[in-house]
Structures are given as structure tokens and as C-alpha cells.
Amino acid sequence: MFKFVVLLSAVAVCALGAAVPEGMLPQLDGRIVGGVSTSISSYPWQISLQRSGSHSCGGSVYSANIIVTAAHCLQSVSASVLKVRAGSTYWNSGGSLVAVAAFKNHEGYNARTMVNDIAVIRLSSSLSFGSTIKAIGLASKAPANGAAAVVSGWGTKSSGASSLPTTLQYVDVNIVSQSECSSSAYGYGSEIRSTMICAYAVGKDSCQGDSGGPLVSGGVLVGVVSWGYGCAFANYPGVYADVATLRSWVVATAKTV
């Protein structure tokens, strides 16, 4: 059903030659499409979630020792092989590389429908905040349809690409509300559920390797990169976990994970 299904036989190869681990394959067709290179100081909440030394997903700094990411990024994996790099423009060097102590996926996450695609990670040690590492607040309500937003990550830069950029990318998009995204104006219909929000711009999107990363609007985290048909496909916006809807779960779980 999802574009990622037909890509599993063509696992993206990261810049250092290591294949993206199967357990961490993103649901999107995997990268920032139509984006621009940027610096971590512009997106200091962005982290690289790494498995066995390879970038696999994005995430957002919620507090000094808590990261918010997508549940599908943490399927079939143990915390012992996971690390988070924070505070670096590059996924493969610099900043702080910290081991993952534990994580918890949303209890209602469904890998078939992609509802509740959100998770919380607890780090083994706290991050030191500064100009390149900062927490981002959680949205308490969804932005208006059409609101300006930005998504960032180290995902591939075109659908089906074989390598990841080492430098952080960002792309400007516009919010597509849950009701609008499920309407006849777009191609998803009833696949868009109440825990999802969309974002769209012609020729621009998140993709493989961006999963779990931040969709930001109005200075707060409004979405977590989740899934989509391809990347930047016409009439198929990127689909994100709706942080406003899932906010109470994140706040509660961050205290207990």
C-alpha cells in the first residue's frame, strides 16, 4: 500500500557505505526533496537517530535526555544498538553522540494504518544545551490549513536515491489540515486518520531517512515525519504524526520511559 513497500529491496546506502538497517527503514520514500543545505544552529532541536553507526531516522530534542521520534523507526530494534547524534550539521561527525537507554512506542501504533506513529527515547546521559542543541516545544493545537512550515533531516534528496547527504537539509512546505488531506483534493482519502497531519509544496517533501524528524510551524513541533506515497508526488502530501493530538501522550511518557 505504501511506497516504501516497493523500496525494501533497494535499501538506501548511506554516505559511508553502510546500508540503512531494515528495522529502521522509514515509511516515506526517504529524503528531503527540493531542499537546501543548512546548519544545525538553525535547527538545533534536530537529531540523527543511528543504528549500529548508520543514520536511520531523525528526531527532535524534547528535553536534555528525551527525544521524540516516530514509532516505525523503532521496530525490531533494541536500545543497545541505538545512538543519537545531537548538535551537529553532519550526521556522521561532530556534536554529541549519546547512547539510548530506553524507548517507548505509542501503545496504539499500528504499522498497517500508521496511526499513532510516535515514540519517546530516553538518553543514557543528558545533552548540554547551547547554540547547537536546544529543545523545541510541542504544539498544543494544529496550525491552520496553509500555514508555513519547515521540515529538516538527512534523508535522501530524491525518491529511490541510493545515498544520504551528510549535511542537514531543510525544505519549506505548507500545512494541509487533516480534514483537507483526507478530502477529494488529494489522493489519500480515508487513509488519513485523526492522529495525522499533512504538509505539501510542489516538488518539495520529506523522504527516506527523514522519518521521525521534525515538522515545525510557528516555532513549535507540529508533526513527526511518518509516511507518504513516494516523495514530492503530485497530490500526495507528506504525512506526519499530529503532535497536538498526541501531545498528552508524549508529556506523560517522557516522565516514565
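Ser 52 is exposed, with a relative accessible area of 61%; exposed means over 50% relative accessible area, buried under 20% and partly exposed in between, with a 1.4 Å probe and protein chains only. The structure is a predicted model, in which local features need pLDDT of at least 70 and side-chain atom pairs count only at pLDDT 80 or more, while totals for chains, interfaces and linings use all residues. Residues are numbered from 1 along each chain as its sequence is written, and side-chain values use heavy atoms, with hydrogens and water left out.

Ser 52 sits in the loop between β2 and β3. Helices (H or I, at least four residues) and strands (E, at least two) are DSSP runs, numbered from the N terminus. The phi angle of Ser 52 is near 50 degrees, which is a positive value in a residue other than glycine. Most residues other than glycine have a negative phi. Asn 116 also has a positive phi, near 55 degrees. Asn 116 belongs to the loop between β6 and β7, and at 13% relative accessibility Asn 116 counts as buried.

Pro 44 lies in the loop between β1 (36-37) and β2 (46-51). Pro 44 is buried, with a relative accessible area of 5%. Leaving aside residues up to four places away in sequence, Pro 44 touches Val 61, Ser 131, Thr 132, Ile 133 and Lys 134; contact here means heavy atoms within 4.5 Å. Gly 87 is 43 residues from Pro 44 along the chain, yet their C-alpha atoms are separated by 6.4 Å.

## The barrel and its helix

Six strands close into a barrel, in the order β2-β3-β4-β7-β6-β5, with antiparallel pairing. Two strands pair if DSSP finds at least two bridges between them. From one strand to the next, the twist averages 45 degrees. Such angles run from 0 to 180 degrees between N-to-C directions, and the axes are lines fitted to C-alpha atoms, for helices over the stretch in contact.

One of the pairs joins strand β6 (residues 96-105) to strand β7 (residues 119-123), antiparallel and over five bridges. In this pair, Phe 103 stands opposite Ile 121 in β7. Helix α2 (residues 243-254) packs on the sheet, where it touches β3 (54-63), β4 (66-69), β6 and β7. The direction of α2 makes about 25 degrees with that of β7.

How many residues of strand β10 (residues 196-200) are buried? Five of its five residues are, and the strand is mostly covered. On one side lie Met 196, Cys 198 and Tyr 200, and on the other Ile 197 and Ala 199. Both faces of β10 are covered.

Strand β10 pairs with strand β9 (residues 169-176) in the antiparallel sense, over three bridges. Cys 198 in β10 is the bridge partner of Val 176. Four bridges join β10 to strand β13 (residues 238-242), and these two strands also run antiparallel. There, Ala 241 in β13 is the bridge partner of Met 196.

## Two disulfides

The structure holds two disulfides, a disulfide being a pair of cysteine sulfur atoms within 2.5 Å. One joins Cys 57 to Cys 73, with an S to S distance of 2.1 Å. This link is left-handed, with -95 degrees about the S-S bond. Cys 57 lies in strand β3 and Cys 73 in the loop between β4 and β5 (82-86), so the pair ties together parts that are 16 residues apart in sequence. Cys 57 is buried, at a relative accessible area of 0%, and Cys 73 is buried with a value of 0%.

Another disulfide joins Cys 181 to Cys 198, with an S to S distance of 2.1 Å. The torsion about its S-S bond is about -85 degrees, so this disulfide is left-handed. Because Cys 181 lies in helix α1 (residues 178-181) and Cys 198 in strand β10, the pair ties together parts that are 17 residues apart in sequence. Cys 181 is buried, with a relative accessible area of 0%, and Cys 198 counts as buried at 0%.

## Nonpolar cores

A nonpolar core is a set of buried Ala, Val, Leu, Ile, Met, Phe, Trp, Tyr and Cys residues joined through side-chain atoms within 4.5 Å. The largest core has 59 residues, of which Leu 49, Leu 74, Ile 192 and Trp 227 touch the most other members. Helix α2 gives the largest share of this core, five residues. A second, separate core has 15 residues, including Ala 201, Leu 215, Val 222 and Ala 244.
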